[in-house]
Amino acid sequence: MSVRVAMEHLSLLSVHDVQTDLSQWLRDQRKKHKWSRDDLAEKSLVPAATIKKFETTGQISLRQFLMLWQSVDDLARLHQLTTLTDLKPLPTSIDEVLANEL
């Protein structure tokens, strides 16, 4: 990805922030269901060691993340993120932020 393309998608969130939030969300869902990591591993077919690594580091393959997600939530809900079309574009400069009084 070129620097220019990367600059167009700047965010106050980092990739690490999102990974951490997703792993925390999944851990919370697992605990809400009162499942151990072994229970979730059995339901999702993702090894318990991988679940532990994800919950502690945020590192996981996309395929395994999706397998975990569908074990604790509706996969269609996650898929909807790819079909949202009525979202207002994010500001790309401080001037746009100030102009929109965000």
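Which element of the protein has the lowest mean pLDDT, and which the highest? I looked this up before anything else, as the model is predicted. Helix H1 (residues 3–8) has the lowest, at 48. Helix H3 (residues 37–44) has the highest, at 98. Over residues 1–7 the pLDDT stays below 50. Beyond near neighbours in sequence, I find 1 contact for that stretch in the model. Where pLDDT is low, the predicted coordinates should not be read in detail. For the protein, the average pLDDT is 86, and 85% of the residues score at least 70.

**Fold**

I count 7 helices and 0 strands. The protein has 102 residues, and 22% of them count as buried. I then took the contacts between residues at least 6 apart in sequence: 43% of these join residues at least 24 apart. The accessible surface comes to about 8,000 Å². Carbon and sulfur atoms hold 58% of that surface.

**Helix H4**

Next I checked which residues of H4 (residues 48–57) are buried. They are Thr50, Ile51, Phe54 and Glu55. They sit on the same side of H4, because they cover an arc of only 135° around the axis. Ala49 and Thr56, on the other side of H4, are exposed. What covers the buried residues of H4? The cover includes helix H2 (15–32), H3 and helix H5 (62–72). Just after H4, I note a positive phi of about 85° at Gly58.

**Aromatic rings**

I searched the whole structure for aromatic pairs and got 3. One of them joins Trp25 and Trp69, with ring centres 4.4 Å apart and planes at 20°, so this pair is stacked. Trp25 lies in helix H2 and Trp69 in helix H5, so the pair ties together parts that are 44 residues apart in sequence. Is each Trp buried or partly exposed? Trp25 is partly exposed, at 22% relative accessible area. Trp69 counts as buried, at 7% relative accessibility.

Phe54 and Phe65 form an edge-to-face pair, 5.8 Å centre to centre with 70° between the planes. Phe54 lies in helix H4 and Phe65 in helix H5, so this pair ties together parts 11 residues apart in sequence. Phe54 and Phe65 are both buried.

Last entry: ring pairs link Trp25, Phe54, Phe65 and Trp69 into a cluster.

Notes: Residues numbered from 1 in each chain as written. Predicted model: local features only at pLDDT ≥ 70, side-chain atom pairs only at ≥ 80, totals over all residues. Heavy atoms only, no water. pLDDT = per-residue confidence, 0-100. Helix = DSSP H or I, 4+ residues; strand = E, 2+ residues; numbered from the N terminus. Contact = heavy atoms within 4.5 Å. Buried < 20%, exposed > 50% of the residue type's maximum accessible area, 1.4 Å probe, protein only. Areas by Shrake-Rupley, 256 points an atom, 1.4 Å probe, with all protein chains shown as cover. Arc of directions from axis to C-beta. Phe/Tyr/Trp six-rings, centres within 6.5 Å; stacked < 30°, edge-to-face > 60°.
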